[in-house]
Amino acid sequence: MTVPDYQSLMLPVLEQSATGEVRIGDIVDRLADQLKLSEDDLAELIPSSKQTTFSNRVHWAKSYLKQAGLVEATKRAHFQITERGREVLKSGLSRVDIGYLKQFPEFMAFQNRSSSGEDGDESIVSPKHAVVDENQTPTI
């Protein structure tokens with residue numbers, strides 16, 4: 001299996017947070033196992049060679065869920081599902097992606113901040129410098 005795109009990881013990340021506070025590194029490991037990614041898939045690096053592609057995409061998925069209010073940061077590298085996130089899971093969706101997140105005003109405000117160049121949430125890797133294409137992983 002190849003590394004899924006960050007939008008395909010949004011629902012699995014949300015599902016992994018359903019039990020309470022989780023550490024993002026643990027989610028990366030659990031999803032790698034769940035998706036049965038090969039060693040080659042897990043070794044693939046993003047162009048900057050500082051992070052694996054898979055880890056990068058899981059982090060972006062979590063960041064976008066946070067911007068939509070589906071998860072919230074609890075402490076450094078940890079987060080938990082919100083009540084809104086629980087409602088999304090109860091709805092039985094088969095996919096969460098940018099199109100779905102656009103229904104939430106907080107997410108639209110984030111997108112507007114990012115596209116206008118205003119400072120946004122600094123917990124995301126430089127969102128004002130991110131190039132966002134709904135079909136690709138955001139890049140710095």
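Which elements do the buried residues of α2 pack against?

**Basis**

This is a predicted model, in which local features need pLDDT of at least 70, side-chain atom pairs count only at pLDDT 80 or more, and totals for chains, interfaces and linings use all residues. Residues are numbered from 1 along each chain as its sequence is written, and side-chain values use heavy atoms, with hydrogens and water left out.

**Helix α2**

Helices (H or I, at least four residues) and strands (E, at least two) are DSSP runs, numbered from the N terminus. In α2, the residues Ile-24, Gly-25, Ile-27, Val-28, Leu-31 and Ala-32 are buried (under 20% relative accessible area, with exposed over 50% and partly exposed in between; 1.4 Å probe, protein chains only). They lie on the same side of α2, because they cover an arc of only 160° around the axis (taken from the directions from the helix axis to the C-beta atoms).

These buried residues pack against α1 (10–16), β1 (22–23), α3 (39–43), α4 (53–67) and β3 (78–81); contact means heavy atoms within 4.5 Å.

Gln-34 belongs to helix α2 (residues 24–34). Its relative accessibility is 44%, so Gln-34 counts as partly exposed. Between Gln-34 and Pro-12 the C-alpha to C-alpha distance is 9.5 Å, with 22 residues separating them in sequence. Lys-36, which follows α2, has a positive phi, near 55°.

**The sheet**

An open sheet is formed by 3 strands in the order β1-β3-β2, with antiparallel pairing (two strands pair if DSSP finds at least two bridges between them). β1 and β2 (71–75) stand at the edges with a single partner strand each, so one side of each has no neighbour in the sheet.

The antiparallel pairing of β2 and β3 runs over 4 bridges. Glu-72 is opposite Gln-80 in β3.
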